[in-house]
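Dear colleague,

Please find below the structure that I am handing over to you. I would be grateful if you could read the notes that come after it with the model open.

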Amino acid sequence: MGTGYQKALEELGYAIDSKKKELYLNNFKLNDNELDQLLPIIFSTIPDLEILDLSHNKLTFVPPTIDRFKGLKSLFFNNNEIKQHVPEIGGLQKLSYLKI
């Protein structure tokens, strides 16, 4: 794959595993969409996610299935309507940036 394609895919949030020759989503931005809930399918279809941005929506809670993203490094839930403690975030061992 040419570097032009690779750069375009990376800008869309995809990453390329050159050893396996696979393409996977590692950056998912759903910010500023007025979301008030998340579909569970999101948490089962993109296991290699590293960055999840759900900021500036109308979410009232963090789904307990958030701990399925074992490789998550950055998580943005700021500017939502979340008012409860989320113990599942403690299971995200690679998480280095959290904004709620």
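This is a predicted model: local features need pLDDT of at least 70, side-chain atom pairs count only at pLDDT 80 or more; totals for chains, interfaces and linings use all residues.

Residues are numbered from 1 along each chain as its sequence is written, and side-chain values use heavy atoms, with hydrogens and water left out.

The sheet

Helices (H or I, at least four residues) and strands (E, at least two) are DSSP runs numbered from the N terminus, and two strands pair if DSSP finds at least two bridges between them. On that basis, four strands make up an open sheet with parallel pairing, in the order S3-S4-S5-S6. Strand S3 (27-29) and strand S6 (97-99) are the edge strands, each pairing on one side only. On average, and with direction ignored, neighbouring strands of this sheet are turned by 5° against each other; axes here are lines fitted to C-alpha atoms, for helices over the stretch in contact, and angles run from 0 to 180 degrees between N-to-C directions. S3 and strand S4 (residues 51-53) run parallel and are joined by three bridges. Lys 29 stands opposite Asp 53 in S4.

The nonpolar core

A nonpolar core is a set of buried Ala, Val, Leu, Ile, Met, Phe, Trp, Tyr and Cys residues joined through side-chain atoms within 4.5 Å. Buried means under 20% relative accessible area, exposed over 50%, and partly exposed in between (1.4 Å probe, protein chains only). The largest such core has 18 residues, and those with the most contacts inside it are Leu 52, Ile 66, Leu 72, Leu 75 and Phe 77. Beyond its neighbours within four places in sequence, Leu 75 is in contact (heavy atoms within 4.5 Å) with residues including Leu 52, Ile 66, Ile 89 and Tyr 97.

Around Tyr 97

The whole structure contains one aromatic pair. Rings of Phe, Tyr and Trp (its six-membered ring) pair if their centres lie within 6.5 Å; planes under 30 degrees apart count as stacked, over 60 as edge-to-face and the rest as tilted. The ring centres of Phe 76 and Tyr 97 are 5.2 Å apart and their planes stand at 45°, so this pair is tilted. Because Phe 76 lies in strand S5 and Tyr 97 in strand S6, the pair ties together parts that are 21 residues apart in sequence. Tyr 97 is partly exposed, at 38% relative accessible area.

Lys 73, in the loop between S4 and strand S5 (74-76), is 24 residues from Tyr 97 in sequence, yet their C-alpha atoms are 6.4 Å apart.

Which side chains meet in a salt bridge? The structure holds one such bridge, between Glu 34 and Lys 58 (3.7 Å, N to O). The term denotes a side-chain nitrogen of Lys or Arg within 4 Å of a carboxyl oxygen of Asp or Glu. Glu 34 lies in the loop between S3 and H2 and Lys 58 in the loop between S4 and S5, so the pair ties together parts that are 24 residues apart in sequence. Glu 34 is exposed at 59% relative accessibility, whereas Lys 58 is partly exposed at 39%.

Glu 34 also has a positive phi of about 55° although it is not a glycine. His 56, found in the loop between S4 and S5, is another residue other than glycine with a positive phi, near 55°.

With kind regards
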